[in-house]
Amino acid sequence: MNKIQKKGAMVLGALCLAGAAQGANHQMWLKQTIEGSPVKEGDWKGLQVKVEQEEKFNEKRFIDSETLVMLGWKMNPYLSVYLGDRWVYERSGGKGKLRAEQRPTFDLCLAAPEFATLKLDFRSRFEYRDKHAGDAYMRYRERIRLRTSWSVTDFKISPFASEEAFFSDKTHTDKADFFDRSRAQIGLSFKPVPSCKDLSCNLYYMVQHDMSNHSSNWTPTNVCGLELTWKF
């Protein structure tokens, strides 16, 4: 690893771990994704399809299941848009019965040209939330992610880091455009089977901080996650 790579690794770690306190809650998240372009040639080659399935567990039980289906269009190497729907079954506060929620979703994805082996991308996500026994509202999510083109060993191990901010637009309360969640994440991407180029994994650690409508204190949650992605 050269000097630039060593400095980059230090920056990646600092982006996510600085200020990340130990949380009282610990969770495990598992995600499976299938994504790609069903049309390789012609006018429709920009069409993109993505299906995600995620399961979440706390220290005691299964707490959340989320299925996201999206259709997108890759306008050029640096700009893509997606429209989809997410089906959620979640225990409120990790307790009680699973409650169903449907979230129509729109994504705007921007990618910067690679610079000095570093890849920077941005995602703006708009979600319409209609939770059980509550008023519907919009939620906005802004994520910045830093990846690299490093490729260590045949498993193509490469680090990444991201930071995401959540804003809830609850116009029926005094909490319009309320900044109520952040996610700081650091991890490694790799090929679990080097001979299978279309299969990749992300192994990460994340600290999520939440603020409720009734409190001015941030509540941290430690998350260890594994994501498995198949691209076609």
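How many residues stand between β2 and β3 in the hairpin that they form? There are four residues between the two strands of this hairpin.

## Basis of the model

This is a predicted model, in which local features need pLDDT of at least 70 and side-chain atom pairs count only at pLDDT 80 or more, while totals for chains, interfaces and linings use all residues. Residues are numbered from 1 along each chain as its sequence is written, and side-chain values use heavy atoms, with hydrogens and water left out.

Strands here are DSSP runs of E with at least two residues, numbered from the N terminus, and two strands pair if DSSP finds at least two bridges between them. Strand β1, residues 25–36, pairs with strand β2, residues 47–57, in the antiparallel sense over nine bridges, and M28 has F57 in β2 as its bridge partner.

β2 also pairs with strand β3, residues 62–76, again in the antiparallel sense, over eleven bridges; here E54 stands opposite E66 in β3.

## T148 in strand β7

T148 lies in strand β7, residues 137–148, and is buried at 8% relative accessibility, where buried means under 20% relative accessible area with a 1.4 Å probe and protein chains only. The side chain of T148 makes a polar contact with the side chain of S158 at 2.5 Å, a polar contact being a pair of N or O atoms within 3.5 Å, of which, within protein, one must be able to donate a hydrogen and the other to accept it, and residues adjacent in sequence count only if both atoms are side-chain atoms. The T148 side chain also reaches the backbone nitrogen of W150 at 3.2 Å.

## P220 in strand β11

P220 is placed in strand β11, residues 219–231, and is buried, with a relative accessible area of 16%. P220 and S182 are 38 residues apart in sequence, and their C-alpha atoms are 9.5 Å apart in space.

Definitions and conventions: Buried means under 20% relative accessible area, exposed over 50%, partly exposed in between (1.4 Å probe, protein chains only).
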